[in-house]
Amino acid sequence: MTNVIAVRDLHFSYHDHHAALKGVSFELCEGDKVALVGPNGAGKSTLMLHLNGILTGQGDVMVGNARLTRANLPAIRAMVGLVFQNPDDQLFSPTVFEDVAFGPLHMGLSRDEVTARVETALNAVRMSNYRDRLSHHLSVGEKKRIAIATVLSMNPQILVLDEPSAGLDPRARRTLINLLRELPITMLVSTHDMKLVEELFPRTIVMDEGLIVADGKTKDILADSKLLEAHGLERP
Amino acid sequence: MHSDAFDRYHDTESFIHRLDPRVKVVVTIAFILSNALLPDGAWLAFGLAWLFLLLVNALSNLGLGFTFKRSFVALPFALVAITVLFSIPGKPVSTFHFLMWKLTVTDMGLLRFMSILVRSWLSVQMAIMLVAVARFPDIVHALEHLRVPSILTTIIAFLYRYLFVLVDEVFRLLRARESRSAAAAGSRSGGSVAWRARVAGNMAGQLFLRSYERSDRVYNAMLARGYAGHLMTINPHELRNIDYVTAVLAISLILLLQVIGRL
């Protein structure tokens, strides 16, 4: 199978010299649905911000067959759909339509194509009748689904989600899980929701203190109580 | 938690609601400009402008008194003009002492002051009408179509979007303070004024930091979807014949007001 993303020996420090990533390597194949777990401050979000070049550290990030560089950033950002944890950060336009249209418009597509993509993306998250709603009038669950639509409209090769189920009530969480299960797309999802991990992701990557400490079948990792305990995780 | 405190749009079906937002924006600005340009004491023209406003009220299905009821919030701002009462030369009307000053109200000053009051009162009502009959995003679109620089429309759009988020943030901070502002049995709640001022200062600082960090995250979210320094939007608004006719008619009426005011 072909790699969608390959990260090799990635290092990154924030301005305060706090080392957030200390040599991270992993690969994602087409169709993989992978959970990224680990305690707060393990570097999960930092790693995700590297996957479409918002942060750049030392080391290689390959997306598709291209090495991520300054020159191909626009192309990479269309391929890697990054959904942020707080939908209020993700949804910055006044109306739902404008937010979902933002990505395609910036890819330089024609108006008809943009409108068609918005329709498709909203359909995929089952929110097509929300087109003209104002973002600040939506519930958190609705905002999360719209946030996913805002990157689906760019037809990405891979979806990268930062804690998608955080702060959702059981019904909204269930809707989201069903949605993630049905989306036929490669996925990397950071979460603390171990039940979600067990239910949805065949493969799990465990991070702690800027390193990948385990990468394997979810079944095996969840069975390893020593590993889970050492990195502040719990069996579902 | 939602705060809709600033959403003044009234969802109704009416002639005015159906108009293109560009027409609404242009007529509103023309009306306000016209009020500002009418000479002092053009009472007939002011009265007719008021009738014009009532007509818009009637056509909007919001009730004749809709803007009138909401107009008084802005009147205190007209008090800034109070100095013209004393500063314009003319026949003295009355004299009184205020602290250490002896103030003389002149007839010309009074005329100017009343005119300013009426002008601002009429203009504020039309602005209230505009935000009641046009959804805010549509107003921003109208400004874009009217070639307002995109940097301005972008700032307005973001301001509108995050105003709600920020106000929610403020309420959360206030609520957090409230729920910890307890009093031990038998003693008064709250510390000294200086201490409370410091707490309020910390909260303001906290709000700034949160907003600052949020702006970083929003910018990242924009970058992640291909933002490269220029904002693009689609806003499908089409001017129909009725829009043109209404715009021309309204502007003609406003011009007529100007002529009447100068007779």
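**Chain B and its contact with chain A**

In this predicted model, 25 residues of chain B are in contact with 31 residues of chain A; contact means that the C-beta atoms of two residues, placed from the backbone, lie within 7 Å. Helix 8 (136-145), helix 9 (150-180) and helix 10 (193-224) of chain B each give two or more residues to that side. Helices here are DSSP runs of H or I of at least four residues and strands are runs of E of at least two, numbered from the N terminus. Helix 10 of chain B has the largest share, 8 residues.

Some conventions. Residues are numbered from 1 along each chain as its sequence is written, and chains are lettered from A and ligands numbered from 1 in the order in which they are written. Local features need pLDDT of at least 70 and side-chain atom pairs count only at pLDDT 80 or more, while totals for chains, interfaces and linings use all residues.

Next, one helix pair. The axes of helix 3 (residues 43-59) and helix 11 (residues 241-261) of chain B come within 8 Å and cross at roughly 160°; axes are lines fitted to C-alpha atoms, for helices over the stretch in contact, with angles from 0 to 180 degrees between N-to-C directions. Helix 3 of chain B is therefore roughly antiparallel to helix 11 of chain B, a term for angles over 145 degrees. On the helix 3 side of chain B, L44(B), A45(B), L48(B), A49(B) and F52(B) meet L253(B), L257(B), I260(B) and G261(B) of helix 11 of chain B.

Finally, the whole chain. Chain B holds 11 helices and 2 strands, and its C-alpha trace spans about 70 × 60 × 35 Å along its principal axes.

Notes. Angles under 35 degrees count as roughly parallel, over 145 as roughly antiparallel, 65 to 115 as roughly perpendicular and the rest as oblique.
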